[in-house]
Amino acid sequence: MLKNVTLGQFFPGNSVIHKLDPRTKLLMTVGLIAAVFMAGSFTGYVLVFAYIFMAASITGFGIRFLVRGIKPILTIVGITFFLNMFFTSGGEALIEWKFIRITDVGLKNAAYMAIRLVLLVLGTQLLTLTTSPIALTDGIERLFHPLAKIGFPAHELAMLMSIALRFIPTLLEEADKIMRAQMARGADFESGNLLNRAKAMVPLMVPLFVSAFRRADELALAMEARCYRGGAGRTRMKVLKYARIDLYAAGSMLLLFAVVLATRGLI
């Protein structure tokens, strides 16, 4: 299951989306997130999904590859759905039994929240799958560069975010190795109720945290050994430049956002 997590992984390619400026992809991801939250109808969510489907087809990954990355968070999606369904007040009651009360508004909000989570994961996967950590760091730094004049640590923030994304697949691989080693020693992570499964995760989480801290210490020592002193005076082998394709891509996102807003009153 851990190997199905694609968020944070980068796969090189020659598609149009791979060649986009990382700043454009970052802004498009922010626009996609805004469109997901601004969509107030099922039609709007269908339009966002169609946009993601088209982008996934252009990259060559396909929507099936992106859907695989949703499997590890299905539990979170399910919990979010049930919490919103049971604890949303207002609306006409559909099921009412003792303290349980499910309304049409609660069911609608629960469905919308679950759809939002799925779309957010699908959309953000496209950013990390098509953008290398170095390009992502440069893009974030260049976007926040104007704020550096008022003392905002643009380079440090970009480096922090890129390192965090880069270590997601590394930690997942480490967790998979630890899980297999524990299972070879008789550990059971799948049977039993929710409480027993949570207790079974303790032998997995402790060595994983120890490994994460060790890797962080090794990374800090490596950066110090290479005389890393932040972004001051740093040069780049590839200077980021906007191209005409970036303008077209940004225009497509603005069009999607406008259409989603126009469909808020629909079903």
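This is a predicted model: local features need pLDDT of at least 70, side-chain atom pairs count only at pLDDT 80 or more; totals for chains, interfaces and linings use all residues.
1. The residues of α3 that make the contact are Phe-42, Tyr-45, Val-48, Phe-49, Ile-52, Ala-55, Ala-56 and Thr-59. On the side of α6, the contact is formed by Tyr-112, Ile-115, Arg-116, Leu-119, Leu-122, Gly-123, Leu-126 and Thr-130. Sorted by class, the contact of α3 with α6 holds 12 nonpolar, 3 polar and 1 charged residues.

2. The geometry of this pair can be stated as follows. Helix α3 covers residues 42-59 and helix α6 covers residues 104-130; their axes come within 11 Å and cross at roughly 20°. Because angles under 35 degrees count as roughly parallel, α3 is roughly parallel to α6.

3. The overall architecture gives the setting for these helices. The protein chain contains 11 helices and 2 strands. Read from the N terminus, the order of elements is α-α-α-α-α-β-β-α-α-α-α-α-α. The C-alpha trace spans about 65 × 55 × 40 Å along its principal axes.

4. Two totals describe the chain as a whole. Of its 267 residues, 33% are buried. Among contacts in the protein chain with a separation of 6 or more, 74% are between residues 24 or more positions apart.

5. Helix α7 comprises residues 133-144, 12 residues in number. From the first C-alpha to the last, α7 reaches 17 Å, which is close to the 16 Å expected at 1.5 Å a residue. The buried residues of α7 are Leu-136, Thr-137, Asp-138, Gly-139, Ile-140 and Glu-141. These buried residues pack against three helices: α2 (22-38), α6 and α8 (154-184).

6. The pairing of α2 with α7 deserves a separate point. The axes of α2 and α7 are 8 Å apart, and the two helices pack at an angle of about 75°. Since angles of 65 to 115 degrees count as roughly perpendicular, α2 and α7 are roughly perpendicular to each other. Helix α2 contributes Pro-22, Arg-23, Leu-26 and Leu-27 to the contact, while α7 contributes Ala-135, Leu-136, Gly-139, Ile-140, Arg-142 and Leu-143. By class, the contact of α2 with α7 has 7 nonpolar, 1 polar and 2 charged residues.

7. Met-253 is located in helix α11, residues 244-262. Is Met-253 buried or exposed? Its relative accessibility is 7%, and because buried means under 20%, Met-253 counts as buried. Leaving aside neighbours within four places in sequence, Met-253 is in contact with Met-28, Gly-31, Leu-32 and Tyr-51. Met-253 and Ala-110 are 143 residues apart along the chain, and their C-alpha atoms are separated by 26 Å.

8. Lys-199 is found in helix α9, which covers residues 194-200. With a relative accessibility of 55%, and because exposed means over 50%, Lys-199 counts as exposed. Lys-199 lies 20 residues from Met-179 in sequence, and the C-alpha atoms of the two are 14 Å apart in space.

Methods: Residues are numbered from 1 along each chain as its sequence is written. Side-chain values use heavy atoms; hydrogens and water are left out. Axes are lines fitted to C-alpha atoms, for helices over the stretch in contact, and angles run from 0 to 180 degrees between N-to-C directions. Helices (H or I, at least four residues) and strands (E, at least two) are DSSP runs, numbered from the N terminus. Angles under 35 degrees count as roughly parallel, over 145 as roughly antiparallel, 65 to 115 as roughly perpendicular and the rest as oblique. Contact means heavy atoms within 4.5 Å. Ala, Val, Leu, Ile, Met, Phe, Trp, Tyr, Cys and Pro count as nonpolar, Asp, Glu, Lys and Arg as charged, and the others, Gly among them, as polar. The expected span of a helix is 1.5 Å times one less than its number of residues. Buried means under 20% relative accessible area, exposed over 50%, partly exposed in between (1.4 Å probe, protein chains only).
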